[in-house]
Amino acid sequence: MILFDCISFSAIEQLWSELLETGTDTYRIKFHNKLINRYNKYNKNGLFARIHENITGKKKKLSEEYKEYMVLIQSYYTAASTYYFSRNYRFAYEVVTEGLNFFNSIREKLYSNDYKTQKKHVDIWNLLLLTLKLDIMTTEENNFGDTGNTRIAIRDEELKFDQIDNVKPFPSSAVLLFRRYFLYKDNITNDDSPIWHKLMRWLNNKKFWTELDDDILYRKHISMYKFLILFTISSEQVDKLSNILQAIENPVLSIEDRLLNYTATQLALNHIVKPCIEMTDNNEDVCEILKDYYSNTEITSIESTIINKLYFLYNMNTDVKAMLMTELTTNNHIINENILHVILSTVLDINIELKKDKKHIHLNKFDEAMKLLIAYTKFHDEKNIKEDEQKKSKMKKSNKTAKMSESQKSDSNEQLYNKFTNTIYTPHEKVKNLFIAYKWLMELYAVQSDNSNSYTPSFNEAKNNADVMASKEKELFGSEQLVNDEHFIYLKAKQKSKELLSSDDWEPSNIPGGWVQDTSSKTILKYFNPTEIKENNILEQLKKLRDNSKSPYINRIELFTIIFRYHWKLKQDYVAMYTSIKSAISEIVVTPEDRLRNLEAHELFTMYLMDRNEVGIKLANVLDIGQVYNTFLINPEIRCENNITLEDFWDDEVDDTNIDINNTL
């Protein structure tokens, strides 16, 4: 994608479209820089048009020229917006100012009769650049000079916008004007009240939204804004549900996407799911739809996945400690693993910008759950199963008392033991519940990881005890349900993967349950011996889970990401690499765990794209440009559509590129 010197500018629209579909923040910035350098290099004195004519043998059409201009303008906006959401306000200000200067340099051409039918799109993008500039200039603790001229320019453009409802269809990119409405509503000040009233007036003008005119950026990037607007203005609850589900369904590729996705999930939770659960909403049709999706485990649609995850979010705000205690002390009952899954996600939520008191609550939930499970497993020790079978209650109480005395338990733990004492299980129920408790202790120990192997002994102890319970079930009851538990298989495969695939030093070291940091000199792109991977057969296990598992406790974003790490290490299959990481970033994002895993996949995908380009640029010096592009840089989906079957030439036998991923940024 970055081989601009080798590719006709007429293909830039297609590359821009691909970028908006899959490109991450860092990659979009690199694309923008290359794009502007390319334009500045070849557009002097009409050279740009002559190069196009020499390559294609045809003169540039006005429609092609317009698209090129719009890609450049949109790229300026996207790059400045990316810096803005990354809180790099100085770069954001410089880029948006350059974008406005570029716009003004071609203003006469854009407003000529040649582009008369596109004038409304031009007006909108000028207004978008100006409003973004004003937002950047008015950020706290930044001084970018007087905003007077910018405000005057915005006022003039807004007058055009107010008159545009007479021009149909409405330019779709106008949805970006509502960035502040959806992302910064709580930060609107008195000084901003005119802006707020304008947004509300435009939002309530339904003439704007009855028919939208497509443009390049809309197709791949801003549909989340569109569905949030349609959700907001919809009068029918069923329509609201449909629109908010479509907003959540969009891929999360950037910081802006992540913020919008969070906004969408909170709107869905607070305005649709919560009222139905708490029966404060009389809209029976919507509540019935939610109930059908939530209760029917046979439905596997995207809507069902999102709704179930929204119910999961609702449960995160309940008293999960009390619920867990009920699960652990109910007679003849199998522990509901959903409660433990909620507790796991509460600690993963600390990576989001929460208030300190909420972080404290989340961590307390996690710590209390750990204490409960540890006490539960120590009390219901496997050695007591035979005693339970024989129902020797007196001996059982004696053993428990001795066990507590030997461990010198605190009063609080004694109270826990007393609660567990009165719980009645059949032998099979006890084995299953101990297995569940040990399995989730594995999850919780892993989340406590500080990117080292310090937690491994506790994890292995829980894993070994879970293995014992699985074997005991098969031995005593002739069942292999626990042996074949997909979540358990996944936890063991994930842990082994962390031993085989250490992270690189550019990866964050503060993610709960993150990868063990690599202390050697090798990087993720250096030659890797695949023998150990093949001997452990972990990759095949993960592929089987990918294709067959329906376990709600296996995060599919994480699963795809681990598979990608294997393919990246093995360096054998470009399509498999791309497909795995593209699948990871295309998965639905709703829960805190989803957001955390999406962020990891986002960073890996960025490094992967830049690595492929770096290697492609080197190979372009010795190989045919077309071969490099078609086998190394092109989107594999497009390659399949065009029946391009050239073999990838980056295999595991020879790696003479010597590219260090740490030097590609």
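This is a predicted model: local features need pLDDT of at least 70, side-chain atom pairs count only at pLDDT 80 or more; totals for chains, interfaces and linings use all residues.
Close-up 1. A polar contact of 2.8 Å joins the side chain of H32 to the side chain of S75.

**Close-up 2. The negative surface patch that includes E288.** Four residues, E284, D285, E288 and D292, form a negative surface patch. Within this group, E288 is located in helix 15, which covers residues 284-295. E288 is partly exposed, with a relative accessibility of 43%.

**Close-up 3. Positive phi at R87.** Although R87 is not a glycine, its phi is positive, at about 65 degrees. R87 is situated in the loop that connects helix 4 (62-85) with helix 5 (89-105). The relative accessible area of R87 is 54%, and the residue is therefore classed as exposed, the threshold for that class being over 50%.

**Close-up 4. Positive phi at N332.** N332, likewise a non-glycine residue, adopts a positive phi of about 50 degrees. Its position is in the loop between helix 17 (320-329) and helix 18 (337-348). N332 has a relative accessibility of 44% and so counts as partly exposed, a class that lies between the buried limit of under 20% and the exposed limit of over 50%.

Terms used. Residues are numbered from 1 along each chain as its sequence is written. Side-chain values use heavy atoms; hydrogens and water are left out. Patches are made of residues with over 30% relative accessible area and no salt bridge: like charges are joined within 9 Å, nonpolar side chains (Val, Leu, Ile, Met, Phe, Trp, Tyr) within 5 Å. Accessible areas come from the Shrake-Rupley method with a 1.4 Å probe; for residues, only the protein chains shown count as cover. A salt bridge is a side-chain nitrogen of Lys or Arg within 4 Å of a carboxyl oxygen of Asp or Glu. Lys and Arg count as positive and Asp and Glu as negative; His and the chain ends are not counted. The place of a charge is taken as NZ of Lys, CZ of Arg, CG of Asp or CD of Glu. Helices (H or I, at least four residues) and strands (E, at least two) are DSSP runs, numbered from the N terminus. Buried means under 20% relative accessible area, exposed over 50%, partly exposed in between (1.4 Å probe, protein chains only). A polar contact is a pair of N or O atoms within 3.5 Å; within protein, one must be able to donate a hydrogen and the other to accept it, and residues adjacent in sequence count only if both atoms are side-chain atoms.
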